[in-house]
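Subject: Handover of a structure

Dear colleague,

Please find below the sequence and structure that I am passing on to you.

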Protein chains: 2
Amino acid sequence: MGHYVGSLANRIELQNKYQQYVMVADLQALTDNIDNPQKVHDNVVQVGLDYLACGIDPNKTTFFIQSLIPQIAELTILYLNLVTVSRLKRNPTVKNEIQQKGYKEDLTAGFLMYPIHQVADITVVKANLVPVGDDQLPMIEQAHEIVRNFNRIYQTNALVEPQALISKTSRLVGTDGKAKMSKSMGNAIYLSDSADAVAKKVMSMYTDPLHVKVSDPGRVEGNAVFTYLDVFDPNKEEVQSLKDHYSKGGLGDVVLKRRLIDILNNFLEPIRIKRSQLAKDPAYVMDVLKSGSEVVRQVAEKTMSDVRHAVKLNY
Amino acid sequence: MGHYVGSLANRIELQNKYQQYVMVADLQALTDNIDNPQKVHDNVVQVGLDYLACGIDPNKTTFFIQSLIPQIAELTILYLNLVTVSRLKRNPTVKNEIQQKGYKEDLTAGFLMYPIHQVADITVVKANLVPVGDDQLPMIEQAHEIVRNFNRIYQTNALVEPQALISKTSRLVGTDGKAKMSKSMGNAIYLSDSADAVAKKVMSMYTDPLHVKVSDPGRVEGNAVFTYLDVFDPNKEEVQSLKDHYSKGGLGDVVLKRRLIDILNNFLEPIRIKRSQLAKDPAYVMDVLKSGSEVVRQVAEKTMSDVRHAVKLNY
């Protein structure tokens with residue numbers, strides 16, 4: 001659901017306005033799943049299922065799998081020359097993730113470099129707009145730097161400088177109220193979760209630890225249940241009056257959580273149905289991803305041809 | 001000539017014993033010529049000319065150009081995950097070069113990563129043997145680590161662990177007697193140098209700064225002229241008696257240098273003639289490099305197919 005709020009919702013709208021590409025980042029997933037390639041492999045179909053179940057339409061959107069586009073790797077190698085090691089270490093998103101994952105001496109080159117790899121993902125299709133959460137803005141900034149340096153040094157306009165399109169709700173906190181929802185933190189609700197699983201997760205959600213008795217005044221800010229209601233409850237007025245009531249005291253967590261369970265399950269039910277239908281035909285999902293990758297390989301080869309010409313690697 | 005002694009001489013012998021690949025590393029050349037791609041482009045033909053003029057035979061040896069093999073980039077991306085940033089910084093060859101080139105905050109990611117890129121160069125053709133100078137042994141060590149890690153983690157034998165084949169004379173000091181001969185240090189003799197140019201460079205060669213008068217005893221050790229005679233003079237006995245004479249005093253630098261000029265020019269003359277003939281047909285040279293690259297792309301695709309299977313990126 002974090003992915004939905006931060007990206008998919010945006011994507012569903014954008015496919016009606018733009019020529020849209022959506023990439024499944026299997027190689028970047030390997031970066032922190034080095035010794036678990038089966039998990040990455042299996043997740044490719046799962047991610048595809050999420051996209052399709054939410055309403056991203058393969059007739060409007062071109063899907064592709066990162067590892068099927070060798071030109072991304074080729075661009076990455078060229079871009080590595082345009083970025084200093086110290087610049088990579090200053091990247092706020094990377095710094096944050098290094099801290100979160102506790103990398104020290106075991107920080108891999110692959111992890112440190114992944115912003116450069118992402119710039120190749122973006123520029124290989126000459127993307128103009130990249131829908132991102134605000135936590136991803138440093139990545140777009142890195143893209144600007146590389147594109148500008150490349151076009152300046154090689155006196156070309158082979159690369160297109162992408163603009164960030166920031167989604168309204170760019171990140172969803174985890175059910176524990178901490179940081180953003182993520183698989184690795186175990187604080188995520190999945191688009192594939194059953195109604196019961198959603199209920200269970202919401203019931204154990206972080207609220208206000210000082211709100212012990214129903215009559216106690218409760219904190220709204222930082223309360224994950226209210227954060228989720230803000231995003232998913234269509235009735236903004238009612239949410240406001242619930243907040244007022246909760247702040248004064250006299251409103252229990254369970255009432256709020258039951259409301260959120262209903263709202264989330266209403267939202268998830270059609271996605272869940274479509275997802276389980278599609279899940280019966282994983283070959284179809286792979287076919288969507290692979291045929292899109294064929295299209296992108298051709299676009300990517302055109303980009304690489306421009307790039308080779310600029311860097312005089314055209315023999 | 002440094003390249004000849006460190007590598008080409010070996011290569012000429014090896015092509016009769018093994019299936020040999022020789023790569024022109026244009027992408028690695030870009031690593032420290034970021035803003036001078038024309039120089040890199042032009043040097044590709046020059047390097048090809050050197051190889052062919054020295055007697056590396058395209059009927060026995062498969063030439064290829066690094067940037068024409070996208071699988072090298074793809075392997076590099078996968079290998080980045082198997083090497084830590086601190087491991088890269090400990091690489092003695094890289095450390096040495098960083099110091100030599102005076103990189104500090106401006107150290108690029110491309111430069112730090114280049115040993116990983118080299119491992120991809122080697123493993124993409126599943127090379128068993130890599131002819132190297134002893135200064136390149138840390139690169140082979142890095143290759144061992146990556147290959148072992150990869151094969152262990154992904155339970156495969158897709159990658160072949162290469163062995164170093166150390167050339168007898170692995171490096172030739174520059175004409176200034178310092179470090180190794182290199183273009184960037186301005187202390188190199190080129191296979192394409194005219195007889196006059198060779199004479200001029202030898203005449204200004206570093207000998208023994210304390211050997212002022214002919215009658216002075218001179219130092220043989222560290223004396224570049226003797227180092228070159230050791231490598232190129234076929235008459236080892238005479239070289240030994242010259243060394244004895246020089247050590248005792250009474251033998252002037254000019255006599256030695258004239259001898260070296262003759263020897264080098266005798267050695268270079270057939271190479272020079274062949275080189276200037278070939279230089280009239282750069283299209284032929286490019287054709288050799290490009291048709292070899294076609295062959296290597298097929299070998300490389302077989303390697304990538306094994307690798308994709310192991311890392312479960314085979315969709």
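This is a predicted model: local features need pLDDT of at least 70, side-chain atom pairs count only at pLDDT 80 or more; totals for chains, interfaces and linings use all residues.

Residues are numbered from 1 along each chain as its sequence is written, and chains are lettered from A and ligands numbered from 1 in the order in which they are written.

Chain A is assigned domain 1 (2-173 + 281-310) and domain 2 (183-277); such bounds come from an automatic or database domain assignment. Taken over C-alpha atoms, the centres of domain 1 and domain 2 of chain A are 31 Å apart. In chain A, 10 residues of domain 1 are in contact with eight residues of domain 2, where contact requires C-beta atoms, placed from the backbone, to lie within 7 Å. On the domain 1 side, α1 (2-14) and α3 (37-54) of chain A are the elements that give two or more residues; helices are DSSP runs of H or I with at least four residues, numbered from the N terminus. The most comes from α3(A), with four residues. By class, this side of domain 1 of chain A has seven nonpolar, two polar and one charged residues (Ala, Val, Leu, Ile, Met, Phe, Trp, Tyr, Cys and Pro count as nonpolar, Asp, Glu, Lys and Arg as charged, and the others, Gly among them, as polar).

The axis of α3(A) comes within 8 Å of that of α12(A) (residues 253-279), and the two cross at roughly 130°; axes are lines fitted to C-alpha atoms, for helices over the stretch in contact, and angles run from 0 to 180 degrees between N-to-C directions. The contact involves A:L49, A:L52, A:A53 and A:C54 of α3(A), and A:I271, A:K274, A:R275, A:L278 and A:A279 of α12(A). Of the residues in this contact, seven are nonpolar, none polar and two charged.

Between the chains, 44 residues of chain B meet 43 residues of chain A. The chain B side comprises 26 nonpolar, 11 polar and seven charged residues.

In chain B, helix α10 (residues 224-232) has B:A224, B:V225, B:F226, B:Y228 and B:L229 as its buried residues, buried meaning that 20 or more other C-beta atoms, placed from the backbone, lie within 10 Å of a residue's own. Their cover includes α11 (236-248) and α12 (253-279) of chain B.

Yours sincerely

Key. Two residues are in contact if their C-beta atoms, placed from the backbone, lie within 7 Å. A residue is buried if 20 or more other C-beta atoms lie within 10 Å of its own, exposed if 12 or fewer, and partly exposed in between; C-beta atoms are placed from the backbone.
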